[in-house]
Amino acid sequence: MSDIMPRTLFSLLLSLVLAPILAQTGGSQPVTNLTTGEQFESISEALEWASSGDHIDLATYRFTEHIAIDIPITITGEADGTSIIDVS
């Protein structure tokens with residue numbers, strides 16, 4: 001019985017630590033090309049594979065990267081402003 005308590009506590013703590021990480025991307029990649037359905041880890045990666053006219057969607061996430069857009073595309077994020085591109 002005394003062995004159950006540490007395991008339960010460990011499981012609870014692990015879930016509290018992992019939940020925000022998994023919720024940040026919804027369990028998938030934070031960038032989706034809605035035109036092709038492909039998912040990417042970064043905006044830059046998505047732009048490398050994008051074609052003119054594609055629609056790139058950003059999940060709730062803080063993207064810390066510099067991006068260069070050289071083709072006509074649409075980039076959208078969460079309506080509540082939680083898709084953040086931090087170029088600092």
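Of the 88 residues in the chain, 23% are buried (under 20% relative accessible area with a 1.4 Å probe, protein chains only; exposed is over 50%, and partly exposed lies in between). The model is predicted: local features require pLDDT of at least 70 and side-chain atom pairs count only at pLDDT 80 or more, whereas totals for chains, interfaces and linings use all residues. Residues are numbered from 1 along each chain as its sequence is written, and side-chain values use heavy atoms, with hydrogens and water left out.

The accessible surface of the chain is about 6200 Å², and carbon and sulfur atoms account for 60% of this surface (Shrake-Rupley method, 1.4 Å probe; for residues, only the protein chains shown count as cover). Among the contacts in the chain with a separation of 6 or more, 22% link residues 24 or more positions apart (contact: heavy atoms within 4.5 Å).

The chain contains 2 helices and 6 strands, defined as DSSP runs numbered from the N terminus, with at least four residues for helices (H or I) and at least two for strands (E). Their order from the N terminus is α-β-β-α-β-β-β-β. An open sheet of 4 strands is arranged E2-E1-E3-E5, with mixed pairing (two strands pair if DSSP finds at least two bridges between them). Strand E2 (39-40) and strand E5 (74-76) form the edges, each pairing on one side only. Strand E1 (residues 31-33) runs antiparallel to E3, and 3 bridges join the two. Asn33 lies opposite Ile56 in E3.

The largest nonpolar core has 10 residues: Val31, Phe40, Ile43, Ala46, Leu47, Ala50, Ile56, Leu58, Phe63 and Ile73. Such a core is a set of buried Ala, Val, Leu, Ile, Met, Phe, Trp, Tyr and Cys residues joined through side-chain atoms within 4.5 Å. Helix H2 (43-49) and strand E3 (55-58) each provide at least two residues of this core, and H2 gives the most, with 3 residues. With residues up to four places away in sequence not counted, Ile56 touches Val31, Thr32, Asn33, Ala46, Ala50, Ile73, Thr74, Ile75 and Thr76.

Ala59 is located in the loop between E3 and strand E4 (61-64). This residue, Ala59, is buried, with a relative accessible area of 16%. Apart from neighbours within four places in sequence, Ala59 is in contact with Pro30, Glu78, Thr82 and Ser83. The C-alpha atoms of Ala59 and Ser83 are 5.9 Å apart in space, while the two residues are 24 residues apart in sequence.
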